[in-house]
Amino acid sequence: DTHALGESIAALAARIHAATYELLVMLREFDARDGWNNGFASCAHWLHWRTGIDLGAARQKVRVARALVQLPRIGAAMRRGDLSY
């Protein structure tokens, strides 16, 4: 039914939010390890090349990934899927 479909959409969105948080955590660790420092100008440039994310969006993701260390309540809400990127 339509209500169940709506609930499924909301549940999927929450899982996407949580997965995005996981991506940001991994990206922060990759950046901290200088995993991108093998010919790329920055972590954002590597992310753009490796995943096809627009360079501007890649810069924002790296910026947010770094900032989440200082924002534990926001990070926790994202991890639970309660808050979107």
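How many helices and how many strands are there in the protein? Counting them up gives 4 helices and 0 strands. Keep in mind that you're looking at a predicted model.

**Overall shape**

Let's start with the whole thing. The C-alpha trace spans about 50 × 25 × 15 Å along its principal axes. The radius of gyration is 15 Å, whereas a compact globule of 85 residues would come out near 12 Å. As for burial, 25% of the 85 residues count as buried. Now take the contacts between residues at least 6 apart in sequence: 50% of them join residues at least 24 apart.

**Helix 2 meets helix 3**

Two packed helices are described by the angle between their axes and the distance between the axes. For helix 2 (residues 43-51) and helix 3 (residues 55-67), the angle is about 125° and the axes are 8 Å apart. That angle makes helix 2 oblique to helix 3. The crossing of the two is right-handed.

Who does the touching? On the helix 2 side you'll find Cys43, Ala44, His45, Leu47 and His48, and they meet Leu55, Ala58, Arg59, Lys61 and Val62 of helix 3. Sorted by class, this contact has 6 nonpolar, 2 polar and 2 charged residues.

**Two residues to look up**

Here are two residues with their relative accessibility.

| Residue | Relative accessibility | Counts as |
|---|---|---|
| Asp31 | 9% | buried |
| Tyr85 | 44% | partly exposed |

Asp31 sits in helix 1 (residues 2-32). Why does Asp31 count as buried? Its relative accessibility is 9%, and buried means under 20%. Skipping its neighbours within four places in sequence, Asp31 is in contact with Trp36, Cys43, Val62 and Arg66.

Tyr85 lies in the segment after helix 4 (72-80). At 44% relative accessibility, Tyr85 falls between the cut-offs, so it counts as partly exposed. Which residues does Tyr85 touch, if you don't count those up to four places away in sequence? They are Thr20, Leu24, Ala57, Gln60, Lys61, Val64 and Met78. Take Thr20 from that list: Tyr85 and Thr20 are 65 residues apart in sequence, yet their C-alpha atoms are 7.0 Å apart in space.

Key: Residues numbered from 1 in each chain as written. Predicted model: local features only at pLDDT ≥ 70, side-chain atom pairs only at ≥ 80, totals over all residues. Heavy atoms only, no water. Axes fitted to C-alpha atoms, helices over the stretch in contact; angles between N-to-C directions. Parallel < 35°, antiparallel > 145°, perpendicular 65-115°, else oblique. Left-handed = near helix turned anticlockwise from the far one by under 90°. Contact = heavy atoms within 4.5 Å. Nonpolar A, V, L, I, M, F, W, Y, C, P; charged D, E, K, R; others polar. Rg over C-alpha atoms; globule rule 2.2 N^0.38 Å. Buried < 20%, exposed > 50% of the residue type's maximum accessible area, 1.4 Å probe, protein only.
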